[in-house]
Amino acid sequence: MNDLRIETVRIGTAGAVAPSGATTGAGLLEDWRLIHNRIIPTAPLSPEDVRERAGRNRLDVAYADGVAVGCSTVRPPDEETPAATVIARVLPGFRGRGYGTALYEHGLAHARTLSDEGVETVVLASNTEGLRFALARGFVETERYVLPGDTVPFVTLRLAEDPTPAP
């Protein structure tokens with residue numbers, strides 16, 4: 001798995017996507033969007049939605065041998081949720097190779113700098129592999145909710161025991 005490269009989507013001061021590495025900024029944003037929409041087809045995002053999210057969250061894309069294989073989101077705490085939220089997504093054809101673990105650990109390291117109130121994740125209930133992944137890492141379900149107009153619930157899970165204290 002030494003071929004994995006994780007790139008962060010960065011928004012410039014004028015609102016344009018700025019490149020963060022070998023992949024162009026616009027391509028990075030589109031790669032993140034396409035992966036998100038494939039993993040979460042019930043809540044597809046437009047390029048404008050992703051640009052807005054990149055302004056308030058950390059969005060990363062994982063590349064293996066130059067191919068986008070996964071993406072992640074780290075949400076800082078807000079008025080509603082005092083914990084930081086880490087969401088790692090890996091395309092089905094690339095699962096089981098350690099990419100999800102690398103994305104998750106990368107996001108978790110950043111999340112620990114944002115909050116002392118714990119870590120949460122959110123998984124679409126139909127993503128049984130994603131739920132298994134979260135449960136195997138010590139997350140426990142705390143809530144299920146359905147977005148307006150949807151039928152498939154999202155599952156919020158909280159990291160039960162965080163063995164590494166925040167820095």
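This briefing walks through the fold of the chain shown above, then visits a hairpin, a helix and a few single residues.

The model is predicted: local features need pLDDT of at least 70, side-chain atom pairs count only at pLDDT 80 or more, and totals for chains, interfaces and linings use all residues. Residues are numbered from 1 along each chain as its sequence is written, and side-chain values use heavy atoms, with hydrogens and water left out. The protein chain has 4 helices and 9 strands. Helices (H or I, at least four residues) and strands (E, at least two) are DSSP runs, numbered from the N terminus.

**The chain as a whole**

- Reading from the N terminus, the elements of the protein chain follow the order β-β-β-α-α-β-β-β-α-β-α-β-β.
- Of the 167 residues in the protein chain, 43% are buried. Here buried means under 20% relative accessible area, exposed means over 50%, and partly exposed lies in between (1.4 Å probe, protein chains only).
- The protein chain exposes about 8,500 Å², and carbon and sulfur atoms supply 52% of that area. Accessible areas come from the Shrake-Rupley method with a 1.4 Å probe; for residues, only the protein chains shown count as cover.
- Take the contacts between residues at least 6 apart in sequence: 55% of them join residues at least 24 apart. A contact means heavy atoms within 4.5 Å.

**The sheet**

- Seen strand by strand, an open sheet of 7 strands has the order β1-β4-β5-β6-β7-β9-β8, with mixed pairing. Its edge strands are β1 and β8, each of which pairs on one side only.
- Neighbouring strands of this sheet are turned by 25° against each other on average, direction ignored. Axes are lines fitted to C-alpha atoms, for helices over the stretch in contact, and angles run from 0 to 180 degrees between N-to-C directions.
- Two strands count as paired if DSSP finds at least two bridges between them. In general, strands of a sheet pair through backbone hydrogen bonds, either parallel or antiparallel.
- Strand β1 (residues 4-8) runs antiparallel to β4, and 5 bridges join them. The bridge partner of L4 in β4 is A64.
- Strand β6 (residues 84-90) pairs with β7 in the parallel sense over 2 bridges. T85 stands opposite E120 in β7.

- β4 is mostly covered, with 6 of its 7 residues buried.
- β4 and β5 run antiparallel and are joined by 7 bridges. D60 stands opposite S72 in β5.
- D65 sits in the loop between β4 (58-64) and β5 (67-75), and D65 is exposed, with a relative accessible area of 63%.
- The hairpin of β4 and β5 has 2 residues between the strands, and there D65 takes a positive phi near 50°. D65 does this although it is not a glycine. For background, most residues other than glycine have a negative phi.

- Helix α4 (residues 128-136) has G130, L131 and A134 as its buried residues. They lie on the same side of α4, because they cover an arc of only 100° around the axis. The arc is that of the directions from the helix axis to the C-beta atoms.
- An α-helix has 3.6 residues a turn, so residues three or four places apart point the same way.
- On the face turned away from the buried side, α4 carries the exposed residues R132 and A136.
- The cover over the buried residues of α4 includes β7 (119-124), β8 and β9. α4 lies across β7, β8 and β9, running at about 15° to β9.
- Just after α4, G138 takes a positive phi of about 95°.

- E141 belongs to strand β8 and is partly exposed, at 43% relative accessibility.
- Leaving aside residues up to four places away in sequence, E141 touches V155, T156 and L157.
- The side chain of E141 makes a polar contact with the side chain of R144 (2.7 Å). A polar contact is a pair of N or O atoms within 3.5 Å; within protein, one must be able to donate a hydrogen and the other to accept it, and residues adjacent in sequence count only if both atoms are side-chain atoms.
- E141 and E120 are 21 residues apart in sequence and 9.5 Å apart in space, C-alpha to C-alpha.
- G149 is placed in the loop between β8 (139-145) and β9 (154-159), and counts as exposed at 81% relative accessibility.
- G149 and A43 are 106 residues apart along the chain, and their C-alpha atoms are separated by 9.8 Å.
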